[in-house]
Amino acid sequence: MTTSDLRHRSGFACFVGRPNAGKSTLTNALVGSKVAITSSKPQTTRHAIRGIVHRADAQLVIVDTPGLHRPRTLLGQRLNDVVRETWSEVDVVGFCVPADEKVGPGDRFIARELSRIVRRTPVIGVVTKTDLVAPEQVAEQLVALQDAMEFAELIPVSAVDGFQVGTLADLLVARLPEGPALYPGGELTDEPEATLVAELIREAALEGVRDELPHSIAVTVEEMVPHEGRDDLVDVHAFLYVERPSQKGIILGHKGERLREVGSTARRQIEALLGSKVYLDLHIKVAKDWQRDPKQLRRLGF
């Protein structure tokens, strides 16, 4: 190992916080590319998607976790297990609380969970979405967050206008162990492409559906292959799963209009991800009460 390797830092960080605290948006801002899906619907993130920040002095791998919450289903319990497993494996944790919502019972629940790990893993308090409120409110939120638990650092950021995103990266990097890069230079995520494609389809399906649907949508990519006879086109065949026949109607929309919209939105995002034209073949399936059924959860990748 050369001396430059020794000064180079590399390791893992993760953001935690209740659902919709801005964790995915912050991950994308730090990575500089869309690797985690974002949605105004809570419980959007279901997988620990890693985004990779490449710098001359460091490589920071961000693990984006589902929001920790009090679970009501088997899926909910599994998502919480993913979060806790992730905490135990990273070098530094960022606890995100949005500037525009009071520190509440959900945040305190997470703070209690996190206080079990602060002795061995530093936790940085991050007040997100500062672009939505006045500076005084940001200051009040920092004070409120400070009371929740003991932090290594506290920092306000805005992923939307880039406020202090670089400074947050510095704080996270400073807490990584010294060592060489863990991933090749050009990679932004270690998720398989099919997983990212499935997430992009689910994101498109989540936009604009009624509030009862977010938890009920799952997506699997059955096949992703080059189109026969054309090297500039990729065929993607995917299934969108819901739990009840009535939900199928919501996703389909009037004369299938809504599903077509979902398809064209997802296709644009997938083309940007793959850097290729895409033919997207999307079908809806009903998997009755899949969130509560261990066998179906396994089949859908949870």
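Is S216 buried or exposed? In this predicted model, S216 is buried, with a relative accessible area of 3%, where buried stands for under 20% relative accessible area, exposed for over 50% and partly exposed for what lies in between, with a 1.4 Å probe and protein chains only. S216 belongs to the loop between helix 7 (193–206) and strand 7 (218–226), helices (H or I, at least four residues) and strands (E, at least two) being DSSP runs numbered from the N terminus. Although S216 and Q291 are 75 residues apart in sequence, they are 7.4 Å apart in space, C-alpha to C-alpha.

Because the model is predicted, local features need pLDDT of at least 70 and side-chain atom pairs count only at pLDDT 80 or more, whereas totals for chains, interfaces and linings use all residues. Residues are numbered from 1 along each chain as its sequence is written, and side-chain values use heavy atoms, with hydrogens and water left out.

Helix 2 (residues 23–31) packs with helix 6 (residues 165–173) at an angle of about 90°, their axes being 10 Å apart; axes are lines fitted to C-alpha atoms, for helices over the stretch in contact, and angles run from 0 to 180 degrees between N-to-C directions. Helix 2 is therefore roughly perpendicular to helix 6, a term for angles of 65 to 115 degrees, while those under 35 count as roughly parallel, those over 145 as roughly antiparallel and the rest as oblique. L26, A29 and L30 of helix 2 meet V165, L168 and A169 of helix 6, contact meaning heavy atoms within 4.5 Å. By class, this contact has six nonpolar, no polar and no charged residues, with Ala, Val, Leu, Ile, Met, Phe, Trp, Tyr, Cys and Pro counted as nonpolar, Asp, Glu, Lys and Arg as charged, and the others, Gly among them, as polar.

Two aromatic pairs are found in a search of the whole structure, a pair being rings of Phe, Tyr and Trp (its six-membered ring) whose centres lie within 6.5 Å, with planes under 30 degrees apart counted as stacked, over 60 as edge-to-face and the rest as tilted. F95 and F151 form a tilted pair, at 6.1 Å centre to centre and with 35° between the planes. F95 lies in strand 4 and F151 in the loop between helix 5 and strand 6 (153–156), so the pair ties together parts that are 56 residues apart in sequence. Both F95 and F151 are buried.
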